[in-house]
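Subject: Structure handover

Hi,

Here is the structure I promised you. Please open it alongside this message; my notes follow below.

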Amino acid sequence: METFASLKPTTTSNAISTSLTAGAVSDQAHAMDKTADRPEIPQRPTPAWMIKRSLPMRSREDMRLLATGHLPLGILPDGLLLPSFRYRRRVVDSLRDMQAARYDNTDAGQRVESWGKPLVDAPSLDAHLRLSVDERIQAISDPFVDRIREWLTGLGYRVEDLIDPLTGMKYHAGILRQISVSKSNSVLHVDDFVRDGRMKPDFRLPEVLRGQHYYQISFNLLLEDGGHQADPLYCYNRFYRDEDESYCLANGWQFPAELMEDAKYYRYQPKVGEAYVFSTTAYHDIFGGSPLSNRITWSVFGIYVPSKNLMLLYN
Ligand SMILES: O=C(O)CCC(=O)C(=O)O
């Protein structure tokens with residue numbers, strides 16, 4: 001019988017032959033941490049997309065292009081995360097018995113609930129690191145994290161956990177979320193480890209990131225839509241920059257949709273069972289699915305450090 005822990009990695013497929021060539025992203029353009037405790041949010045120039053559609057991710061080069069913002073969205077190999085339809089069903093059924101926690105900084109039109117612990121929603125880093133996750137959630141999420149880890153390793157990346165330098169504690173990695181955003185609403189945002197971390201009064205930069213340029217990506221798996229159209233994901237060809245901060249809304253994470261008025265976007269409609277990856281260094285939004293949908297995803301962030309060929313997993 002399949003158990004969550006029986007979800008073992010398979011061998012990874014080889015590089016695809018795309019005609020994509022690497023775009024140059026200037027390292028000098030990044031302004032990184034001047035101090036360890038108050039690191040600066042990296043400023044990254046936005047590269048133009050090489051292609052405006054999703055691409056299967058089959059090589060380290062595909063992933064590099066995705067993570068550095070040259071591609072809007074990547075599709076992960078079939079079967080990488082889900083061994084079978086039955087497995088998916090069992091995951092969704094077990095979540096029914098477990099209480100999800102609502103994100104604090106959302107309003108009535110933006111339902112975001114989670115099983116697991118996102119750093120962004122914690123009042124302090126210590127509170128985040130010390131909160132323990134229900135072991136049943138861990139048992140569902142960990143095998144997915146392991147699969148991503150092994151797949152990235154197979155592509156040739158070093159993959160590590162993110163470690164807090166003060167306590168030596170490991171950041172949590174892997175989360176399940178139920179998201180439903182009404183058509184008239186938006187959740188336009190970026191996810192950047194330093195930007196989110198700096199909101200915590202006790203934030204300190206992990207050793208491995210000191211003086212390093214990095215990008216951030218999000219691996220996702222659509223586990224359920226309840227038989228109705230799940231909210232699509234909009235990926236924008238526009239990285240975060242410091243001057244955007246003055247537009248940030250009162251909740252501290254959301255930006256007005258108008259900020260993306262001139263930006264190219266790619267609209268991705270996730271399919272149940274499909275796993276995808278996109279840059280969270282770039283703005284992205286989720287809204288406009290059926291109000292009847294039951295959109296449940298599993299996800300984990302990867303911080304990509306090009307100079308170390310490194311991916312750090314956390315949430
Ligand atoms: O659920 C999704 O498709 C994307 C979720 C998201 O905004 C993220 O991972 O940063």
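Predicted model: local features only at pLDDT ≥ 70, side-chain atom pairs only at ≥ 80, totals over all residues.

**The three-stranded sheet**

Strand β8 (residues 233-239) pairs with β11 in the antiparallel sense, over four bridges. In this pairing, Leu 233 stands opposite Ile 286 in β11. Both strands belong to an open sheet of three strands, with the order β9-β8-β11 and antiparallel pairing. Its edge strands are β9 (265-268) and β11, each pairing on one side only. From one strand to the next, the twist averages 20°. As background, strands of a sheet pair through backbone hydrogen bonds, either parallel or antiparallel.

The chain averages a pLDDT of 87, and 85% of the residues score at least 70. Take care with residues 1-35: pLDDT stays under 50 there. The model has 63 contacts beyond four places in sequence for that stretch.

**Around the ligand**

Which residues are around the ligand? They are Ile 179, Asp 191, Ser 218, Asn 220, Leu 233, Thr 280, His 284, Ile 286, Thr 297 and Ser 299. By class, the shell has three nonpolar, six polar and one charged residues.

**His 284**

Is it buried or exposed? His 284 counts as buried, because it has 25 C-beta neighbours inside 10 Å and the cut-off for buried is 20 or more. Leaving out residues up to four places away in sequence, His 284 touches Leu 233, Tyr 234, Cys 235, Tyr 236 and Phe 278. Arg 238 is 46 residues from His 284 along the chain, yet their C-alpha atoms are separated by 9.0 Å.

**Strand β10**

Phe 278, one of the contacts of His 284, points out from β10 on one side with Tyr 276. Ala 275, Val 277 and Ser 279 point the other way.

- With β2, the sense is antiparallel, over two bridges. Ile 75 stands opposite Tyr 276.
- With β7, the sense is antiparallel, over five bridges. Leu 221 stands opposite Ala 275.

**Helix α1**

Helix α1 covers residues 60-67, and its buried residues are Asp 62, Met 63, Leu 65, Leu 66 and Ala 67. What do they pack against? The partners are β1 (54-56), β2 (73-75), α4 (135-155), β7, β10 (275-279) and β12. After α1 comes Gly 69, with a positive phi near 85°.

Most residues other than glycine have a negative phi. Asn 309 is not a glycine, but its phi is positive, at about 50°. Asn 309 is found in the loop between β12 and β13 (310-314). This residue is exposed, because 12 other C-beta atoms lie within 10 Å and the exposed class is 12 or fewer.

Best wishes

How values were computed
Residues numbered from 1 in each chain as written. Near = placed C-beta within 6 Å. Nonpolar A, V, L, I, M, F, W, Y, C, P; charged D, E, K, R; others polar. Contact = placed C-beta atoms within 7 Å. pLDDT = per-residue confidence, 0-100. Pairing = 2+ DSSP bridges. Axes fitted to C-alpha atoms, helices over the stretch in contact; angles between N-to-C directions.
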